[in-house]
Amino acid sequence: MEKNHPVSELMTETIQRIKEAVDANTVVGEPIVAGEVTLIPVSKISLGFGTGGSEMGGKAPKSLGENPFGGGGGAGLKVTPVCFLVISGGMVKVLPVDAAPETSLDRIVDLIPDAVNRITGLLEEKKAKKQEQEG
């Protein structure tokens, strides 16, 4: 039987912990029933993990063994609500969740429609005043 390398064991442990934290119910949540309406939450999952290690040869103390190993692993998980599926009267609708902008660029993109509407309104007012003065 082949002995697993400690990095392999670290990766296996990290992946097992991730599996415990995330399952299908994390993405599509348990239905919430309120009268004749059923809500089903839907989320997005972002995940990252890393594992690394090193065998210390050469001048390592003999008390640590032939090839002492040092290593570590870690993971990060982010669950972001996306929408709710609303089931009512045989109809299914998607109710999006407005997420807060994550960056300044996201915020600017969110403001563009409002800015365009304001500029259009000002141009229309100016055009109307000009037509009144000419007419």
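Student: Which residue in S4 does Val 86 stand opposite?

Tutor: Val 86 stands opposite Lys 93 in S4. Keep in mind that this is a predicted model.

Student: What makes S3 and S4 a pair of strands?

Tutor: Two strands pair if there are at least two bridges between them. S3 and S4 are joined by 6 bridges and run antiparallel, so the pair meets the requirement of at least two bridges. S3 and S4 also form a hairpin with 2 residues between the strands, where Gly 89 takes a positive phi near 60°.

Student: How do you know that S1 and S2 are paired?

Tutor: S1 and S2 have 3 bridges in the antiparallel sense, and the requirement is at least two, so they count as paired. Val 33 has Thr 38 in S2 as its bridge partner. The hairpin of S1 and S2 has 2 residues between the strands, and Gly 35 in the turn has a positive phi of about 65°.

Student: How many bridges join S2 to S3?

Tutor: 19 bridges join strand S2, residues 37-55, to strand S3, residues 69-88, and the two run antiparallel. The bridge partner of Gly 52 in S3 is Gly 72, and Gly 50 stands opposite Gly 74 in S3.

Student: Why are S1 and S4 said to stand at the edges?

Tutor: The open sheet has 4 strands in the order S1-S2-S3-S4, with antiparallel pairing. Strand S1 (32-34) and strand S4 (91-96) each have a single partner strand, so one side of each has no neighbour in the sheet. On average, neighbouring strands of this sheet are turned by 25° against each other, direction ignored.

Student: What lies across S2 and S3?

Tutor: Helix H1, residues 6-21, lies across S2 and S3 and runs at about 170° to S2. In total the chain has 3 helices and 4 strands, and along the sequence they follow the pattern α-α-β-β-β-β-α.

Student: Why is Thr 80 called buried?

Tutor: Buried means under 20% relative accessible area. Thr 80 is at 15% relative accessibility, so it counts as buried. Thr 80 lies in strand S3. Leaving aside its neighbours within four places in sequence, Thr 80 is in contact with Ser 43 and Lys 44.

Student: Why is Phe 84 described as partly exposed?

Tutor: Phe 84 has a relative accessible area of 29%, so it is partly exposed. Phe 84 also lies in strand S3. Beyond its neighbours within four places in sequence, its contacts are Leu 39, Ile 40, Pro 41, Lys 93, Val 94, Leu 95 and Val 97. Phe 84 and Leu 39 are 45 residues apart in sequence, yet 6.1 Å apart in space, C-alpha to C-alpha.

Student: What makes S4 hardly covered?

Tutor: Among the 6 residues of S4, the count of buried residues is 0. For the chain, buried residues make up 10% of the 135 residues.

Student: How do you know that Arg 118 and Asp 114 form a salt bridge?

Tutor: A salt bridge needs a side-chain nitrogen of Lys or Arg within 4 Å of a carboxyl oxygen of Asp or Glu. The side chains of Arg 118 and Asp 114 meet at 3.5 Å, N to O, so the distance is within the 4 Å limit. A search of the whole structure finds 1 salt bridge. Both residues lie in helix H3 (residues 104-134), 4 residues apart, about one turn of the helix.

Student: Are Arg 118 and Asp 114 buried, partly exposed or exposed?

Tutor: Arg 118 is at 59% relative accessibility, so it counts as exposed. Asp 114 has a relative accessible area of 39%, so it is partly exposed.

Student: Which residues form the nonpolar patch on the surface?

Tutor: Leu 105, Ile 108, Val 109, Ile 112 and Val 116 form the patch, with about 460 Å² of accessible area together. Val 116 lies in helix H3.

Terms used:
Residues are numbered from 1 along each chain as its sequence is written. This is a predicted model: local features need pLDDT of at least 70, side-chain atom pairs count only at pLDDT 80 or more; totals for chains, interfaces and linings use all residues. Side-chain values use heavy atoms; hydrogens and water are left out. Axes are lines fitted to C-alpha atoms, for helices over the stretch in contact, and angles run from 0 to 180 degrees between N-to-C directions. Contact means heavy atoms within 4.5 Å. Buried means under 20% relative accessible area, exposed over 50%, partly exposed in between (1.4 Å probe, protein chains only). Patches are made of residues with over 30% relative accessible area and no salt bridge: like charges are joined within 9 Å, nonpolar side chains (Val, Leu, Ile, Met, Phe, Trp, Tyr) within 5 Å. Accessible areas come from the Shrake-Rupley method with a 1.4 Å probe; for residues, only the protein chains shown count as cover.
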